[in-house]
Amino acid sequence: DPTDLNLSPVFFPDGTRIAYFRRGARGECAIVAQDLAGGPPQTLLDCTRKPRPQFDLAPDGRQLVYVAVTRPQFPAGLLVRDLATGDDRVLTAPDPDMGDDLHPRVAPDGERVAFFRGTQSHRQLWLVDLAQPATARAAGVQRGLAYGAAWLGPQGPLLVAADWFGQRSLNLFDPRD
């Protein structure tokens with residue numbers, strides 16, 4: 001439908017499909033997978049948890065890490081969907097004064113997720129082990145507007161788009177130190 005918004009494409013590891021966020025003109029939404037050779041899209045996640053168009057795939061393509069409601073009337077957190085079973089588990093659930101968890105990026109080794117936590121102009125980089133939700137921790141002290149991050153290797157560093165130092169810039173952040 002030409003009125004649909006299709007946002008945030010992410011390639012599956014095999015390079016033959018993409019996942020993207022779709023919002024229809026009537027407010028319906030989904031994260032879908034599309035085979036690049038054609039055919040109808042496959043719904044990976046519907047609107048039940050009110051997902052946002054911010055998500056990432058694990059390097060093996062078996063898990064989807066996405067931003068959504070984890071608890072009613074609380075900030076958005078991160079959830080992990082097992083794409084084979086459709087089961088979800090909460091990865092992060094920030095308290096009301098912490099702000100939303102946004103822009104998840106799974107490390108190339110599939111062990112950690114980098115994300116931003118905070119309010120509009122005070123977002124901070126955090127890390128969480130994909131297998132152990134209780135490990136969420138601030139990765140540094142820098143705060144500001146944040147636009148996203150990309151892993152440059154299995155253990156880092158991360159390339160972070162943020163205004164941590166007074167202007168929009170790309171910042172190199174090594175989570176090891």
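## Aspartate 56 and its surroundings

Let's start with aspartate 56, which touches Val10, Gln63, Leu64, Val65, Pro104, Arg105 and Val106, leaving aside residues up to four places away in sequence; contact here means heavy atoms within 4.5 Å. This is a predicted model, in which local features need pLDDT of at least 70 and side-chain atom pairs count only at pLDDT 80 or more, while totals for chains, interfaces and linings use all residues. Residues are numbered from 1 along each chain as its sequence is written, and side-chain values use heavy atoms, with hydrogens and water left out.

Aspartate 56 lies in strand S5; strands (E, at least two residues) are DSSP runs numbered from the N terminus. Because its relative accessibility is 9%, aspartate 56 counts as buried (under 20% relative accessible area, with a 1.4 Å probe and protein chains only). Its side chain reaches the backbone nitrogen of valine 106 at 2.8 Å.

## The sheet beyond valine 106

Valine 106 stands opposite valine 113 in S10. S9 and strand S10 (residues 112-118) pair in the antiparallel sense over five bridges, where pairing requires that DSSP finds at least two bridges between two strands.

Four strands make up an open antiparallel sheet in the order S9-S10-S11-S12. Strand S9 (100-106) and strand S12 (132-138) are at the edges with a single partner strand each, so one side of each has no neighbour in the sheet.

## Tyrosine 66

Tyrosine 66 has its own set of contacts, including Ile31, Leu45, Phe55 and Asp88, again not counting residues up to four places away in sequence.

Terms used: Buried < 20%, exposed > 50% of the residue type's maximum accessible area, 1.4 Å probe, protein only. Polar contact = N/O pair within 3.5 Å; in protein donor to acceptor, adjacent residues only side chain to side chain.
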